[in-house]
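Student: I would like to go through this model and ask what stands behind each label. Can we start with the chain as a whole?

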Amino acid sequence: MLLTLTTTHRPATDLGHLLVKHPERVQSFDLPAGTAHVLYPEADEQRCTAALLIEVDPLKLGGGRGRKQPATPDTFTLGQYVNDRPYAASSLISSALARVFRSALRGESRDRPELAATAIPLEVRVPVLRCRGGAGLAERVFAPLGWTVAATPIPLDEAYPEWGDSRYVDLTLTGLLRVADALNHLYVLLPVLDDAKHYWVAPDEVDKLLRAGAGWLADHPERALITRRYLAHRRALAGEALARLAELRLSDEAPVDDSVESDQPHETPRASLAVRRRESVLAALRASGAGRVLDLGCGPGALLAALVADRRFTEVVGTDVSSQALTLAARRLRLDRLPERQRDRIKLWQSALTYRDDRLRGYDAAVLMEVIEHVDPPRLPALEDAVFGHARPGTVVVTTPNVECNVRYDGLGAGRFRHADHRFEWTRAEFAAWVDRVTTAHGYTATIDGIGDDDPEVGSPTQLAVLTRKEETTA
């Protein structure tokens, strides 16, 4: 079983630093089903290839040599020992990648940290891959991740072409990616294409899948197929994984519509704008001196997690009209596992922002992060009354998209919003007019800023307002 990884980055031998494997040495590693070897067939400044060669021990794979396996009807069949596992890429390669390239999978390189975070030209070759679904499926799972895919079916017998193709393909992937991303794609997708895991799939496989799929699986067009196959068609595990992926898609870390909320609209989508938005909101809250904070319209809890992690916020309340969103938020915060003292700092309440709620009164600060644009314009006065007139927190932090910046995003034509549920998106002038109306009506002052890279023509992609309640005097 063979997999090769090649780069033409200069100097190409830096690949050894990224994989933490020296090009001048052959290294071997014990695996539960055999032995993995890492060697470099070529290594110079122009081109470097690392080869992962796996020798499978049929006795180990079949449960021999004293290893006890669960009793099943197939435990002692000849198929346990005579199969394609020693020759065709499968989940055995995933196990080897995790064992041999652990640091590289995490994107860590002590000697070349900057290069580990850089996309470089890569070519991956898997000469024999069992591909249930054919070459077309290999294209469907790898191409959305930035790979150019060449999957050539292997004939059953070259001497008898009339017999047709086998179930195996010769797979070559080329692209400009980080080594860590490439390895994680292979870790997940090679066993998906093989669709026959060599080991029992336990519940912790869900965490492994989400960890390896971070940043790409939630938005992959074939995520359902990938999830089911990776988890060996175990319905309960696949359901849990898909629910957690849906949580990521609902959160602002993985925007639902084409992931357009990136600081670099024409680049591969990342969560950088979401992170900068959250950091800006946290900075405003800290500057206000708030201890007791409301996250209004908290969704699945991305901001709540950051608030809870900061001890200066002594009480954190998340509200949402959706009970499902609150369930996802509780799961994200792991409320059932937190110590009682920490759990007492957190409250999750179902509440509609267009109705007065006495529970929300008396707090130091409130956040409306990417919330107001989800409210129908005729209902905005009700939200303003409920938040600024009734709850009246000392500080209110509001963020909303800047519609002027949409022209910088591919695929956002005239009249299209960044999210399917947005009821409106405002220009900078429209947002400023709304803030002025709220401050005048409810006794607040305000500052307005932008979040994300500031375009001299259209401004920043996100608008930020910090509204501070004026000191109230008694007659």
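Student: How many of the residues of the chain count as buried?

Tutor: This is a predicted model. Of its 475 residues, 50% count as buried. The chain holds 16 helices and 14 strands. Its accessible surface is about 22,800 Å², and carbon and sulfur atoms make up 51% of that.

Student: Why is Ala-302 called buried?

Tutor: Its relative accessible area is 8%. The label needs a value under 20%. Therefore Ala-302 is buried.

Student: Where is Ala-302 placed?

Tutor: Ala-302 sits in helix α12.

Student: What makes helix α12 mostly covered?

Tutor: The helix spans residues 302-309, and six of its eight residues are buried. These are Ala-302, Leu-303, Leu-304, Ala-306, Leu-307 and Val-308.

Student: Why is Cys-48 called buried?

Tutor: Its relative accessibility is 0%. The cut-off is under 20%, so Cys-48 counts as buried.

Student: And why does Cys-405 count as buried?

Tutor: Here the relative accessibility is 6%. That value also falls under 20%, so Cys-405 counts as buried.

Student: Which residues have the most contacts inside the largest nonpolar core?

Tutor: They are Leu-19, Phe-142, Trp-147, Leu-171 and Val-188, in a core of 73 residues. Helix α7, residues 179-194, gives this core its largest share, 10 residues. Another core lies apart from it and has 29 residues, including Val-281, Leu-282, Leu-333 and Ile-346.

Student: Which residues does Val-188 touch, not counting those up to four places away in sequence?

Tutor: Val-188 touches Leu-209, Ala-212, Trp-216, Ile-226 and Tyr-230. Touching here means heavy atoms within 4.5 Å.

Student: What share of the contacts with a separation of 6 or more comes from residues 24 or more positions apart?

Tutor: Such residues account for 71% of those contacts in the chain.

Note on methods
Residues numbered from 1 in each chain as written. Predicted model: local features only at pLDDT ≥ 70, side-chain atom pairs only at ≥ 80, totals over all residues. Heavy atoms only, no water. Buried < 20%, exposed > 50% of the residue type's maximum accessible area, 1.4 Å probe, protein only. Helix = DSSP H or I, 4+ residues; strand = E, 2+ residues; numbered from the N terminus. Areas by Shrake-Rupley, 256 points an atom, 1.4 Å probe, with all protein chains shown as cover. Core = buried A, V, L, I, M, F, W, Y, C linked by side-chain atoms within 4.5 Å.
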